[in-house]
Amino acid sequence: MNESLVQRLATLRQRITDACARVGRKTDEVRLLPVSKGFGPDAIQEAAAAGLTVFGESRVQEARAKIPACPGHLSWHFVGHLQRNKAREAVRLFDLLHAVDSLRLLQTLEDLCEQEGRNLPVFLEVNVGEDPSKFGLAPSEVPAVLEVAAGLRRVTVCGLMTVPPFTRDPADSRPYFRRLRECRDAGSVQVGMPLPELSMGMSRDFEWAIEEGATWVRIGTALFGPRPVRPAPGFVDTGKG
Ligand SMILES: *Cc1c(COP(=O)(O)O)cnc(C)c1O
């Protein structure tokens, strides 16, 4: 028998609570971001009926078709790499961006938010593993980007995000999560900017991320099940963002 989404959600919440308890954190310091990429509006409707209100998507093209077909009270976070030519649409579709990975993108977002007359909270993506196949700022670049961020009017950098290098044993992600926290602590002191949020941890390693200070865990498969090989009709992922 397949477990229901409600059961998987209950299990996840218990695991989050247990991870918090192990390190003396309060459960409400950690927010669950269901990552719904690959799933259509039906799955999101079911998750919304279970009480979830914030969802993560990683491709603008997929989100463009999906968001208007979902309940209007939901909030959407963008967790993927954002191409600058999709930035205006992202600013219109999303409430928060988890993975701002260049100074140029940060400045583009500031200009677009000025034009759109909105404010935008974001996190900076840091490539803590310095993995050449991954997006993100090098840890050494973070202070300079924070200095620029401190002068922006529309975009507020509220924290850092990372996707650690893939390791066979998910426990091996832990040092990367610690490094993101240290990078946050150092950057925050250096620039005198509060950076309360740490977006780190996915289905396979979120408990280690929580033990290292995550405030957002981004969970796809542990909540929705394996992503469909074939996208739901109308939500074809062309890989072009
Ligand atoms: C897909 C994705 C997730 C969720 O991954 P799971 O392993 O399915 O939990 C989290 N973060 C980002 C950036 C993603 O692209």
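This is a predicted model: local features need pLDDT of at least 70, side-chain atom pairs count only at pLDDT 80 or more; totals for chains, interfaces and linings use all residues.

**Cores**

I started with the largest nonpolar core: it has 66 residues, and Leu82, Phe94, Leu97, Leu106, Leu109 and Val217 touch the most other members. H1 supplies the largest share of this core, 6 residues. Apart from it I found another core, of 10 residues, with Val35, Val54, Phe123 and Met161 among them. My rule for a nonpolar core: buried Ala, Val, Leu, Ile, Met, Phe, Trp, Tyr and Cys residues joined through side-chain atoms within 4.5 Å. Buried is under 20% relative accessible area, exposed is over 50%, and partly exposed is in between, with a 1.4 Å probe and protein chains only. Helices (H or I, at least four residues) and strands (E, at least two) are DSSP runs, numbered from the N terminus.

Residues are numbered from 1 along each chain as its sequence is written, and side-chain values use heavy atoms, with hydrogens and water left out.

Leaving aside neighbours within four places in sequence, valine 217 is in contact (heavy atoms within 4.5 Å) with Ile16, Val30, Arg31, Leu32, Leu33, Met200, Gly201, Phe206 and Ile210.

**Helix H5**

Which residues of H5 are buried? I get Leu105, Leu106, Thr108, Leu109, Glu110, Leu112 and Cys113. An α-helix has 3.6 residues a turn, so residues three or four places apart point the same way. The buried residues of H5 pack against helix H4 (87-93), strand S4 (96-100), strand S5 (120-125), helix H6 (142-149) and strand S6 (155-161). After H5 comes glycine 117, with a positive phi near 65 degrees.

Alanine 149 sits in helix H6. It counts as buried because its relative accessibility is 6%. Beyond four places in sequence, alanine 149 is in contact with Leu106, Val155, Val157 and Met193; Leu106 is also one of the buried residues of H5.

How many cavities of 30 Å³ or more does the whole structure hold? The search finds 1. The largest cavity has about 30 Å³ of space. Its lining is Phe78, Gly80, Leu82, Leu97, Ala99, Val100 and Leu105, and S4 gives the most to that lining, with 3 residues. By class I have 6 nonpolar, 1 polar and no charged.

The second largest pocket has a volume of about 190 Å³. H1 (5-22) and S1 (31-34) each supply at least two residues of its lining, with S1 giving the most, 3 residues. Trp216 and Arg13 are among the lining residues. The classes here are 7 nonpolar, 3 polar and 2 charged.

Method, for the record: on a 1 Å grid over the protein atoms alone, a cavity is a set of points where a 1.4 Å probe fits but cannot get out, and a pocket is an open set with protein on both sides within 12 Å along at least five of seven lines; lining residues have an atom within 4 Å of a point. Grid points are joined across faces, edges and corners, and a volume is the space filled by probe spheres set on the points. Ala, Val, Leu, Ile, Met, Phe, Trp, Tyr, Cys and Pro count as nonpolar, Asp, Glu, Lys and Arg as charged, and the others, Gly among them, as polar.

**Loop residues**

Glycine 80, one of the cavity lining residues, lies in the loop between strand S3 (75-78) and H4. It counts as buried because its relative accessibility is 10%. Beyond four places in sequence, glycine 80 touches Glu57, Ser58 and Ala99.

Is glutamate 130 buried or exposed? At 55% relative accessibility, I put glutamate 130 down as exposed. Glutamate 130 is in the loop between S5 and H6, and has a positive phi of about 45 degrees although it is not a glycine.
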